[in-house]
Amino acid sequence: MIIKRYIPDIAKHGQLCEANFVRLERLLRDKKADHFEFGWHDNDNEVAVSIDVVERFKYTTTLQLTKTFSHFPEPLNVVELTVRLYSDARMAEVVTLKQGSQLNGVYRYPNDMMYQIDEKEQANHYLAEWLSHLLNHGSVRTVWQPAKLENDPNTP
């Protein structure tokens with residue numbers, strides 16, 4: 001029996017990351033805000049989504065996306081993704097799941113973490129579906145900007 005080795009499709013991954021960047025850009029219109037809250041109702045379940053800016057650099061921004069389901073038991077009620085935005089390349093990529101270590105492009109299967117062989121690709125597809133649903137059915141609840149500091153030359 002010949003086992004076919006999984007090889008990631010880099011072009012397809014790039015297209016997905018570019019589309020996710022555009023989706024996030026549409027959601028996060030206020031470039032200076034550090035916290036965004038969205039929500040939608042799914043049958044009797046209320047879903048809350050918060051997006052927090054973890055760090056900002058010249059060409060990269062790291063976001064923490066958290067989705068909370070009101071009617072699910074813990075720990076199944078929370079989904080967390082860390083997403084890195086590359087503004088020079090106009091790409092957004094999932095880098096970690098639920099405070100874990102950085103995702104690899106390919107995993108051996110089986111593995112201790114129970115990741116699929118293409119876990120990173122699946123996480124980015126999940127992000128695409130999540131953001132598309134949020135754009136189509138979500139509503140903005142809060143956009144929080146940090147307070148302007150007096151005498152701070154970096155604050156506009």
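Start with E1 and E6, an antiparallel pair joined by five bridges; helices (H or I, at least four residues) and strands (E, at least two) are DSSP runs, numbered from the N terminus, and two strands pair if DSSP finds at least two bridges between them. Select Phe36 and then Val143 in E6, which is its bridge partner.

The model is predicted, so local features need pLDDT of at least 70 and side-chain atom pairs count only at pLDDT 80 or more, while totals for chains, interfaces and linings use all residues. Residues are numbered from 1 along each chain as its sequence is written, and side-chain values use heavy atoms, with hydrogens and water left out.

**Whole chain**

Zoom out. The chain has two helices and six strands, in the sequence pattern α-β-β-β-β-β-α-β. Its C-alpha trace spans about 70 × 40 × 30 Å along the principal axes.

**The sheet**

Colour the strands by their order in the open sheet, E5-E4-E3-E2-E1-E6, with antiparallel pairing. The edges are strand E5 (91-97) and strand E6 (139-144), each of which pairs on one side only. Neighbouring strands are turned by 25° against each other on average, direction ignored; axes are lines fitted to C-alpha atoms, for helices over the stretch in contact, and angles run from 0 to 180 degrees between N-to-C directions.

Next, select E1 and E2, which pair in the antiparallel sense over eight bridges. Asp42 stands opposite Asn45 in E2. The two strands form a hairpin with two residues between them, and Asn43 in the turn has a positive phi of about 60°.

Move on to E3 and E4, an antiparallel pair with nine bridges. Here Gln64 stands opposite Thr82 in E4.

Show Val83 opposite Val94 in E5, then Tyr86 with its bridge partner Met91 in E5. The hairpin of E4 and E5 has four residues between the strands, and Arg90 takes a positive phi near 55° there.

A salt bridge is a side-chain nitrogen of Lys or Arg within 4 Å of a carboxyl oxygen of Asp or Glu. Because Arg90 lies in the loop between E4 and E5 and Glu25 in helix H1, the pair ties together parts that are 65 residues apart in sequence. By this rule the count comes to five salt bridges.

**The helices**

Show helix H1 (residues 10-27) and helix H2 (residues 119-137), which pack at an angle of about 30° with their axes 10 Å apart. The two are therefore roughly parallel to each other; angles under 35 degrees count as roughly parallel, over 145 as roughly antiparallel, 65 to 115 as roughly perpendicular and the rest as oblique.

For the contact (heavy atoms within 4.5 Å), select residues including Leu16, Cys17 and Leu24 in H1, and Leu127, Ala128 and Leu131 in H2. The residues of this contact divide into nine nonpolar, five polar and four charged; Ala, Val, Leu, Ile, Met, Phe, Trp, Tyr, Cys and Pro count as nonpolar, Asp, Glu, Lys and Arg as charged, and the others, Gly among them, as polar.

Finally, bring the strands back. H2 lies across E1, E2, E3, E4, E5 and E6, running at about 115° to E5.
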